[in-house]
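Student: I have a structure open on my screen and would like to learn how to read it. Could we go through a few features together?

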Amino acid sequence: MTEENQAASPAPGAELVGKVLAGRYRILELLGQGAMGSVYVGEHLKMGRKDAIKVLRKSIADDEEAIARFVRGAQHAAKVRHPNVCSIYDFAESEDGTAFLAMELIDGPSLQDYLAERESLPIDECVQIVEQVADGLQAAHDAGIVHRDLKPGNIMLTRGRSGKHIVKVVDFDIAKGSSDGEPAELTQLGL
């Protein structure tokens, strides 16, 4: 491939930038990619609000189990209303059948990225972060949902007006709820 052709080709995952999904969200930029799909900044056309738009990866769009997991994750996260859990606003399919969800856009790094930039954290900062993670998880547990993939990459940090961290737990794609046919405290072997 020539340099000229490379410049004309979008980066992997960036092919949706500039497109409108379901007549509601204009995709502005690619934020990142994960196992289930890509996350973009999208703008709600009627409200003007910028949201994070998670789009199911095309390579698994025909996988019924992956679609069910994506839908279940959206449903679980939408049941949890708490300041330390990322809010889900919408779930839909685009005109071409691509499943996506719209969620709160968090202006800040993941805990994983934040920790990678520092040698250590002061104990009071650690306590502040852990307390908020625990509060968010308790709200999920109160709704009958177990996250099952809690890790620094699924904990987002933003700053409040006081300058202190506000923690948001994200990514309930493999969450287990008591309505999934198993008690909420059970996890399948190997997951």
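Predicted model: local features only at pLDDT ≥ 70, side-chain atom pairs only at ≥ 80, totals over all residues.

Student: How many bridges join E5 to strand E6?

Tutor: There are 5 bridges, and the two strands run antiparallel. As an example to look up, Phe 91 is placed opposite Leu 101 in E6.

Student: Now for the charges. How should I think about a salt bridge?

Tutor: Here is the general idea: side chains of opposite charge can pair when their charged atoms come close. In this model the count is 6 salt bridges.

Student: Which residue forms a salt bridge with Arg 24?

Tutor: The partner is Asp 90, and the closest N and O atoms are 2.9 Å apart. Arg 24 sits in the loop between strands E1 and E2, while Asp 90 belongs to strand E5, so the pair ties together parts that are 66 residues apart in sequence.

Student: Is Asp 90 buried or exposed?

Tutor: Asp 90 counts as buried, because its relative accessibility is 18% and the cut-off for buried is under 20%. Arg 24, at 28%, counts as partly exposed.

Student: What does Lys 54 meet in a salt bridge?

Tutor: The side chain of Lys 54 meets that of Asp 171, at 3.1 Å from N to O. This pair links distant parts of the chain, 117 residues apart: Lys 54 is in strand E4, and Asp 171 is in the loop between strands E9 and E10. Lys 54 is buried at 9% relative accessibility, whereas Asp 171 is partly exposed at 28%.

Student: Which residues form the negative surface patch?

Tutor: That patch is made of Asp 62, Asp 63, Glu 64 and Glu 65. To find it, go to Asp 63, in the loop between E4 and helix H2. Asp 63 is partly exposed, with a relative accessible area of 37%.

Methods. Residues numbered from 1 in each chain as written. Heavy atoms only, no water. Salt bridge = Lys/Arg side-chain N within 4 Å of Asp/Glu carboxyl O. Helix = DSSP H or I, 4+ residues; strand = E, 2+ residues; numbered from the N terminus. Buried < 20%, exposed > 50% of the residue type's maximum accessible area, 1.4 Å probe, protein only. Patch = residues over 30% accessible without salt bridge, like charges linked within 9 Å, V, L, I, M, F, W, Y side chains within 5 Å. Areas by Shrake-Rupley, 256 points an atom, 1.4 Å probe, with all protein chains shown as cover. Lys, Arg positive; Asp, Glu negative; His and termini not counted. Charge placed at Lys NZ, Arg CZ, Asp CG, Glu CD. Pairing = 2+ DSSP bridges.
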